[in-house]
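Please walk through the structure shown below, from its overall layout to single residues and their surroundings.

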Amino acid sequence: MLKGFKNFLMRDDVITTAVGLVVALAFSNLVKAFTDSVITPLVAAVQPGSGKLGLGVQLKAGNEATFLDFGALISAFIYFVVFMAVVYFLIVLPYKHLQARRGVTVFGDEEPAPSTKTCEECLSDDLPLAARKCKHCGSLQVTSS
């Protein structure tokens, strides 16, 4: 029973989906900060309110809702970058290492080894790697592609 659960967790699509959800969660925080700190004050610029301190610009004096809070947006961006670095170094790299030990390529980082050769004379590229001459033209000028 535990072996089946382990196999389920180690499937490529489960890990890829989990990483995608984590990225979406971090990105949603960035989007929320943008809307809360930039869009909302632009809309609220016509409404009365009080002032606010921080890294930003006050659009309308005395109206806290019109404060463009660039500090919160920068913080959200830094959070996103740090969060994605943690996900990469604590989830993706160990997973790739584990899958490499199992002989599985994940996330498309590695180039696949060529499985055919190309004839320099007739340019046919469907020759097996062990071929010494071209099966189409008989040339001895066969190179790996």
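**A walk through the model**

Thr 66 is buried, with a relative accessible area of 0%; buried here means under 20% relative accessible area, exposed means over 50%, and partly exposed lies in between (1.4 Å probe, protein chains only). This is a predicted model, in which local features need pLDDT of at least 70 and side-chain atom pairs count only at pLDDT 80 or more, while totals for chains, interfaces and linings use all residues. Residues are numbered from 1 along each chain as its sequence is written, and side-chain values use heavy atoms, with hydrogens and water left out.

Thr 66 sits in the loop between strand S1 (56-58) and strand S2 (67-69). Helices (H or I, at least four residues) and strands (E, at least two) are DSSP runs, numbered from the N terminus. The side chain of Thr 66 makes a polar contact with the side chain of Gln 58, at 2.9 Å. A polar contact is a pair of N or O atoms within 3.5 Å; within protein, one must be able to donate a hydrogen and the other to accept it, and residues adjacent in sequence count only if both atoms are side-chain atoms.

Strand S1 also holds Val 57, which counts as partly exposed at 40% relative accessibility. Leaving out residues up to four places away in sequence, Val 57 touches Thr 66, Phe 67, Leu 68 and Phe 70, where contact means heavy atoms within 4.5 Å. Between Val 57 and Leu 68, eleven residues apart along the chain, the C-alpha separation is 5.1 Å.

The view now widens to the whole chain. The protein chain has three helices and five strands, and from the N terminus on these elements run α-α-β-β-α-β-β-β. Of its 145 residues, 23% are buried. Contacts between residues at least 6 apart in sequence include 33% that join residues at least 24 apart. The chain exposes about 10100 Å², and carbon and sulfur atoms supply 67% of that area. Accessible areas come from the Shrake-Rupley method with a 1.4 Å probe; for residues, only the protein chains shown count as cover.

Helix H2 spans residues 12-43 and contains both Asp 36 and Lys 32, which are four residues apart, about one turn of the helix. What links the side chains of Asp 36 and Lys 32? They meet in a salt bridge, with an N to O distance of 2.5 Å. The definition requires a side-chain nitrogen of Lys or Arg within 4 Å of a carboxyl oxygen of Asp or Glu, and the structure holds one salt bridge. Side chains of opposite charge can pair when their charged atoms come close. Asp 36 is partly exposed, with a relative accessible area of 42%, and Lys 32 is partly exposed as well, at 47%.

Ser 37 is another residue of helix H2, and it is buried, with a relative accessible area of 6%. Apart from its neighbours within four places in sequence, Ser 37 is in contact with Phe 67, Leu 68, Asp 69, Ala 72 and Leu 73. Thr 66 and Ser 37 are 29 residues apart in sequence, and their C-alpha atoms are 9.2 Å apart in space.

Asn 29 in helix H2 is partly exposed, at 31% relative accessible area. Not counting residues up to four places away in sequence, Asn 29 touches Ala 76 and Tyr 79. Ala 18 and Ile 91 are 73 residues apart along the chain, and 9.8 Å separates their C-alpha atoms.

The UniProt record, an unreviewed entry, places the feature "transmembrane region" at residues 70-93. UniProt positions are given in the numbering used here, feature names are shortened, and annotations may be inferred rather than shown by experiment. In the model, residues 70-93 are 100% helix and 0% strand, and the end C-alpha atoms of this span lie 33 Å apart.

Cys 119 is buried, with a relative accessible area of 0%, and Cys 134 counts as buried at 3% relative accessibility. A disulfide is a covalent bond between the sulfur atoms of two cysteines. The rule applied here asks for a pair of cysteine sulfur atoms within 2.5 Å, and by this rule the count comes to zero disulfides.
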